[in-house]
Amino acid sequence: MSAVSGGSSPRTVVVVGNPKPASRTLDAALLLHRELVGREPDLVVDLATVGARLFDWTDAEVAEAVAQVAAADLVVVASPTYKATYTGLLKLFLDRFGAGELTGVTVPLMLGGGPGHTLAPEHGLVPLLSHLGGVVPGSPLYVRDKQHDDPAAYADWLARSRPVVEKLLA
C-alpha cells in the first residue's frame with residue numbers, strides 16, 4: 001500500500017487484486033485512473049504486497065486501507081480474470097467491507113487472456129461492488145492482457161463512461 005499523492009479532491013484510490021506485485025493489472029488500473037481523473041491516485045492498494053495479512057482481521061494497516069477505500073470518492077478495483085472471475089486475494093480484501101460501506105464511484109476493471117471472459121466483471125465483480133454500496137457507472141471494463149498498456153483498448157469505454165464519472169464526482 002502506498003500513498004502516491006494527496007490533498008486533491010476528489011479522493012481517489014486504486015485497489016489491485018493480482019497476486020503478483022507490480023503487475024500488468026496494476027499498470028492497467030493506473031492507466032485507467034489517469035485517463036479518468038488526469039492524475040495519480042491518492043492511494044494505491046496493491047494486495048500482493050499485503051498477502052497473508054488479509055487473513056489477520058486485527059492487522060492495523062489493512063484496516064486503515066479498508067477505511068481509506070471506504071471513504072474514497074472514486075475507487076478503481078482491478079483484478080486479473082482467474083477461473084472466469086476475480087481473484088481470491090481481491091475477495092479477501094472486499095470481505096472486510098459490510099453491505100453499503102463503499103459509498104463512492106466504483107470502477108471495475110478486469111484483465112483476461114481472451115474474449116471468452118468478457119462478461120466476468122459484469123457477472124462477478126459488479127454485483128459484489130454494488131452490494132457493498134459502490135456506485136458502478138455504466139458497464140465494467142474488460143481488457144485483454146496483451147492490450148493492458150494500450151490506451152486504445154480503453155478509449156471506447158472512456159468515451160462512454162468518463163462523462164458519467166465526472167458528473168458523479170461533481
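# Reading salt bridges and a surface patch

Author: Both arginine 39 and aspartate 42 are buried, a class that means under 20% relative accessible area, with exposed meaning over 50% and partly exposed lying in between (1.4 Å probe, protein chains only). This is a predicted model, in which local features need pLDDT of at least 70 and side-chain atom pairs count only at pLDDT 80 or more, while totals for chains, interfaces and linings use all residues. Residues are numbered from 1 along each chain as its sequence is written, and side-chain values use heavy atoms, with hydrogens and water left out.

Reader: What average pLDDT does the protein have, and over which residues does pLDDT stay under 50?

Author: pLDDT is the predictor's confidence in each residue, from 0 to 100; here the protein averages 93, and 95% of the residues score at least 70. Over residues 2-7 pLDDT stays under 50, and for these residues the model has 14 contacts (heavy atoms within 4.5 Å) beyond four places in sequence.

Reader: How many salt bridges does the count come to, and which residues are linked in a network of them?

Author: A salt bridge is a side-chain nitrogen of Lys or Arg within 4 Å of a carboxyl oxygen of Asp or Glu, and by this rule the count comes to 7. Arg11, Arg39 and Asp42 are linked in a network: arginine 39 approaches aspartate 42 with the closest N and O atoms 3.4 Å apart, and the side chains of arginine 11 and aspartate 42 meet at 3.8 Å, N to O. Arginine 11 lies in the loop between β1 (2-3) and β2 (12-16) and aspartate 42 in the loop between α1 (24-37) and β3 (43-46), so this pair ties together parts that are 31 residues apart in sequence; helices (H or I, at least four residues) and strands (E, at least two) are DSSP runs, numbered from the N terminus.

Reader: Is arginine 11 buried or partly exposed?

Author: Arginine 11 is partly exposed, with a relative accessible area of 27%, whereas aspartate 42 has 1% relative accessibility and counts as buried.

Reader: How far apart are the closest N and O atoms of lysine 91 and aspartate 95?

Author: In the salt bridge between lysine 91 and aspartate 95, these atoms are 2.5 Å apart. Lysine 91 is partly exposed at 32% relative accessible area, and aspartate 95 is partly exposed at 37%.

Reader: Which residues form a nonpolar patch on the surface?

Author: The patch consists of Val135, Val164 and Leu168, with about 210 Å² of accessible area together. Valine 164 is placed in helix α5 (residues 152-169) and counts as partly exposed at 37% relative accessibility. Patches are made of residues with over 30% relative accessible area and no salt bridge, like charges being joined within 9 Å and nonpolar side chains (Val, Leu, Ile, Met, Phe, Trp, Tyr) within 5 Å.

Key. Areas by Shrake-Rupley, 256 points an atom, 1.4 Å probe, with all protein chains shown as cover.
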